[in-house]
Amino acid sequence: MKLTAREIAGQLGGDIIGDPDVTVSSPARIEYGKAGNICFLANPKYEKYLYTTNASIVLVNRSFTPKEKVNATMIAVDDAYKAVADLLEWFSSLKRSRRKGNRIARIFSFVHTVRGKVKRGTWIGEYTVIERGARVGRDCQIYPQVYIGRNVKVGDNVTIYPGVKVYHDCVIGDNCTLHSGCVIGADGFGFAPLEDGSYKKIQQTGNVIIEDNVEIGANTCVDRATMGSTIIRRGVKLDDLIMVAHNVEIGSDTVIAGQSGIAGSAHLGEHCVLGGQTGIGGHITIAPHTTFAAKTGLMKDWKTPGQSLMGYPAMTYMHYMRSYSAFKKSGETKPSTRDSDAAHS
Amino acid sequence: MKLTAREIAGQLGGDIIGDPDVTVSSPARIEYGKAGNICFLANPKYEKYLYTTNASIVLVNRSFTPKEKVNATMIAVDDAYKAVADLLEWFSSLKRSRRKGNRIARIFSFVHTVRGKVKRGTWIGEYTVIERGARVGRDCQIYPQVYIGRNVKVGDNVTIYPGVKVYHDCVIGDNCTLHSGCVIGADGFGFAPLEDGSYKKIQQTGNVIIEDNVEIGANTCVDRATMGSTIIRRGVKLDDLIMVAHNVEIGSDTVIAGQSGIAGSAHLGEHCVLGGQTGIGGHITIAPHTTFAAKTGLMKDWKTPGQSLMGYPAMTYMHYMRSYSAFKKSGETKPSTRDSDAAHS
Amino acid sequence: MKLTAREIAGQLGGDIIGDPDVTVSSPARIEYGKAGNICFLANPKYEKYLYTTNASIVLVNRSFTPKEKVNATMIAVDDAYKAVADLLEWFSSLKRSRRKGNRIARIFSFVHTVRGKVKRGTWIGEYTVIERGARVGRDCQIYPQVYIGRNVKVGDNVTIYPGVKVYHDCVIGDNCTLHSGCVIGADGFGFAPLEDGSYKKIQQTGNVIIEDNVEIGANTCVDRATMGSTIIRRGVKLDDLIMVAHNVEIGSDTVIAGQSGIAGSAHLGEHCVLGGQTGIGGHITIAPHTTFAAKTGLMKDWKTPGQSLMGYPAMTYMHYMRSYSAFKKSGETKPSTRDSDAAHS
């Protein structure tokens with residue numbers, strides 16, 4: 001499969017700077033680009049590679065002006081990062097279409113257990129279990145070794161990778177992707193202390209509702225509600241190894257990086273962005289468009305939308321950086337005592 | 001299934017304030033309560049919902065006095081949080097009993113591999129493997145896709161959710177619950193540095209012992225000991241995505257929130273409480289009844305029981321909050337320089 | 001199986017101090033040593049147990065001189081920690097050889113799905129799926145419930161524990177060990193923001209390359225590259241619940257403790273050591289031989305090799321400890337105000 005710069009520019013609505021007939025057969029990162037590769041430049045940190053790359057084509061922003069000579073053919077687009085998303089999807093779809101016949105052939109060849117209902121066009125892998133009362137929509141890909149518990153509802157066009165486990169009564173919307181090892185609907189962490197110091201389990205009788213267009217990363221856990229529902233709103237993207245506790249609600253189009261944890265009954269607004277290893281305390285409410293630096297810990301409601309937070313307990317990013325600057329200064333050794341480990345005030 | 005306030009108050013030993021004949025059919029959270037729901041109020045943060053809820057019944061503490069008019073029937077109990085645990089267990093047991101016949105029917109219908117011994121009343125799901133020498137007690141529920149390695153011992157009345165993996169030689173006590181994706185007995189992280197800078201694996205020849213009444217959350221990892229045992233004592237509750245390293249011992253009735261990590265050979269006393277994302281250093285000993293704020297990192301022994309810790313390295317909670325208050329102040333901008341980002345001393 | 005001190009000293013090249021004819025049958029930790037056990041002493045923190053242990057043999061460093069009377073026979077070696085690695089490997093190999101016949105017997109007795117090619121001497125567990133185009137080398141142990149996607153290449157002598165998932169196109173070198181629940185090659189976390197505030201998925205078309213002699217802990221996730229490869233170099237050891245994001249490269253013989261996270265496109269040098277819960281920012285480069293205290297967060301390139309880091313944002317360990325010492329002091333209460341919680345400047 002070879003594509004010319006002209007074909008790609010046509011597909012992406014871009015302008016060609018260089019040879020429109022040069023061909024490429026695969027995408028690559030700009031620092032590793034070879035002849036036959038198409039690369040992109042969006043992060044200015046990688047600009048230096050533009051001048052040395054052997055890639056045949058590089059996608060750039062229309063706003064970008066090179067400072068040196070560029071050997072590759074450039075295709076200028078409004079948003080190079082978004083264009084690469086389109087491009088990779090296009091490459092992937094070309095690849096996937098070759099596999100299609102195979103998917104149909106396989107439907108007769110494996111061992112799985114289906115007690116629920118599965119609509120047409122859905123492919124189910126080996127050793128997958130779909131329990132009684134479960135319903136799976138059209139055109140889903142359910143890989144091997146998946147568990148879909150009783151009365152679970154899965155929408156249309158959902159991809160569930162190998163080994164995903166969905167407990168009973170949970171609901172997954174349309175166009176969702178669940179990566180390997182994620183666990184949806186395990187019991188929330190609720191125990192009532194008894195007088196002898198031991199704990200009595202509080203049955204977790206609720207469920208998890210995942211709306212449309214959500215992606216859940218590998219080994220991420222979304223716990224079921226004690227009562228009612230833990231809710232992941234439309235368009236949310238969760239990275240790997242995240243924990244979402246019982247009765248949490250995550251607002252639409254919020255993006256959460258790996259290893260973050262959201263404690264019980266917290267409500268996050270829409271369009272928030274959480275850096276990795278962030279922690280959100282229980283029973284708090286967070287305004288929309290709040291951004292969290294990695295490792296931030298927020299313990300109280302945050303009511304002003306659109307702010308950037310950092311630190312634990314969290315404050316605004318700029319405030320934290322000023323405080324941390326003073327903290328850092330307090331540990332500097334004076335030139336005359338550089339080799340001393342003593343702290344000075 | 002409808003229950004009256006009178007029946008519920010009888011079951012829980014509570015006093016009715018309102019209509020004893022009002023009926024409910026399901027539990028709900030107080031902020032979402034509708035007619036036919038029973039709710040509870042324990043956390044004062046939710047008191048405002050008591051005055052507006054449409055729930056038919058609300059469980060409250062005997063010590064609680066409402067400040068406004070309440071439409072719902074109230075049932076006053078000694079400990080509303082514990083009462084809700086009893087109540088949800090009761091609702092669940094009514095639900096479960098309806099499934100009983102089914103469990104027996106299923107025992108003939110699926111594919112799994114059992115080389116070990118399994119006692120009566122235990123249900124084993126599809127594609128589960130129980131290796132040679134393993135023994136599983138009575139009345140367990142072993143869901144599909146579980147792996148139970150050689151010579152593992154599982155007690156009575158244990159629930160093992162789909163996809164749990166238990167390595168060889170480990171021991172699980174009675175009445176334990178293991179959630180999906182948790183891994184019991186993977187190798188501890190032990191490597192001896194060699195002269196060329198590479199590492200030689202130290203075989204992990206020990207096991208994991210989990211005592212009775214323990215609950216292990218989804219995707220949590222408890223590693224096997226190098227020699228001897230990693231021990232989780234009676235009544236311990238572990239949340240999701242926790243890491244317990246080799247040769248750790250966790251004292252009875254200790255409760256650990258999600259994403260916390262306990263490094264090798266640490267010993268935690270009984271009745272400790274760890275907030276989420278806490279880290280405990282290797283080879284240290286922690287006194288009983290120690291409480292950790294989320295994200296705390298403790299690197300040295302902590303010998304005084306009953307204290308609350310915070311920070312990294314950890315100090316007492318009050319001490320940390322005072323230090324952090326000064327830290328925060330150091331980054332505040334003066335009124336006249338509010339828009340300046342410069343740090344000032 | 002009983003071994004004398006003389007046999008063990010011969011195997012390890014050690015000198016006997018005590019009775020060369022005393023026998024042992026199993027290893028144990030020094031604080032739990034009983035008659036018939038062999039223990040070791042490397043960490044000085046455990047020296048006190050040497051004088052009270054009932055173990056029959058204790059391995060010690062040649063440089064060590066006991067301060068009190070020792071009842072056990074001692075075997076002095078150059079490096080007791082490395083010697084115990086050799087010893088446990090020896091014990092394990094004696095145990096394993098007893099199981100050999102069984103492995104051959106089992107190859108005819110179970111249910112799994114192999115569409116790829118598997119070389120001689122490799123054992124495959126039940127309910128494992130090896131997809132079309134995948135190739136698995138010689139003498140591997142692929143446990144039950146493993147998923148090996150299309151076109152995956154697995155080298156020789158690889159151990160893959162139950163429930164591991166390897167997505168399509170990934171490459172695993174020789175002598176690797178993958179623990180239960182780890183996920184290799186799930187999609188990297190890449191989404192392009194659209195004008196309406198929602199996100200468009202960027203297809204992750206690359207793969208993961210794991211070189212030889214790598215160990216990956218339980219439930220650890222290594223994501224596939226957007227384009228090109230996420231690379232784990234020769235000899236790297238990853239603990240449990242680690243996240244390695246797309247396009248990361250980890251230099252050879254680097255060791256990473258549990259729950260650490262490496263953000264996208266970060267490059268770690270060789271021989272780094274990361275404490276637990278460390279976070280590494282995206283698109284940064286880290287010099288070889290850098291050491292990270294637990295919970296450190298590094299957000300920028302670190303160019304000087306061989307340093308120890310701590311804090312967030314990271315600084316040198318000594319610098320952080322000095323700053324933290326001042327921070328701690330700022331929250332101390334004066335003797336006269338010990339019971340006051342007020343912060344003072």
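**Close-up views of the chain interfaces**

**View 1. Chain A against chain C in the predicted model.** Chain A places 67 residues in contact with 72 residues of chain C; contact means heavy atoms within 4.5 Å. The model is predicted: local features need pLDDT of at least 70, side-chain atom pairs count only at pLDDT 80 or more, and totals for chains, interfaces and linings use all residues. Residues are numbered from 1 along each chain as its sequence is written, chains are lettered from A and ligands numbered from 1 in the order in which they are written, and side-chain values use heavy atoms, with hydrogens and water left out. About 5,500 Å² is buried between chain A and chain C, 57% of it from carbon and sulfur atoms. Buried area is the accessible area (1.4 Å probe) that two parts lose on being put together, summed over both. A:Arg29, A:Tyr127 and A:Phe327 give 11% of what chain A buries against chain C, more than any other three residues.

View 2. Five salt bridges are counted between chain A and chain C. A salt bridge needs a side-chain nitrogen of Lys or Arg within 4 Å of a carboxyl oxygen of Asp or Glu. One joins C:Lys200 to A:Asp86 (3.4 Å, N to O).
Elements of chain A that give two or more residues to the side touching chain C include α3 (80-97), α4 (100-106) and α5 (317-330). Helices (H or I, at least four residues) and strands (E, at least two) are DSSP runs, numbered from the N terminus. The largest share, ten residues, comes from α3(A). By class, this side of chain A has 31 nonpolar, 17 polar and 19 charged residues. Ala, Val, Leu, Ile, Met, Phe, Trp, Tyr, Cys and Pro count as nonpolar, Asp, Glu, Lys and Arg as charged, and the others, Gly among them, as polar.

**View 3. Chain A against chain B.** Here 73 residues of chain A meet 67 residues of chain B. Together they bury about 5,500 Å², with 58% on carbon and sulfur atoms. A:Met227, A:Tyr312 and A:Arg322 supply 14% of the area that chain A buries against chain B, more than any other three residues. Chain A and chain B share five salt bridges. In one of them, the closest N and O atoms of A:Lys201 and B:Glu215 are 2.8 Å apart. β21 (191-193), β22 (199-201) and α5 of chain A each give two or more residues to the side that touches chain B. The largest share, nine residues, is from α5(A).

**View 4. Helix α5(A) on helix α5(B).** The two helices pack at about 105°, axes 7 Å apart. Axes are lines fitted to C-alpha atoms, for helices over the stretch in contact, and angles run from 0 to 180 degrees between N-to-C directions. α5(A) is therefore roughly perpendicular to α5(B); that term covers 65 to 115 degrees. From α5(A), residues including A:Tyr320, A:Tyr324 and A:Phe327 meet B:Tyr324, B:Phe327, B:Lys328 and B:Ser330 in α5(B).

**View 5. Helix α5(B) on helix α4(C).** Residues 317-330 of chain B and 317-330 of chain C form these helices, which pack at about 105° with axes 7 Å apart. By class, their contact has six nonpolar, three polar and one charged residues.

How values were computed: Angles under 35 degrees count as roughly parallel, over 145 as roughly antiparallel, 65 to 115 as roughly perpendicular and the rest as oblique.
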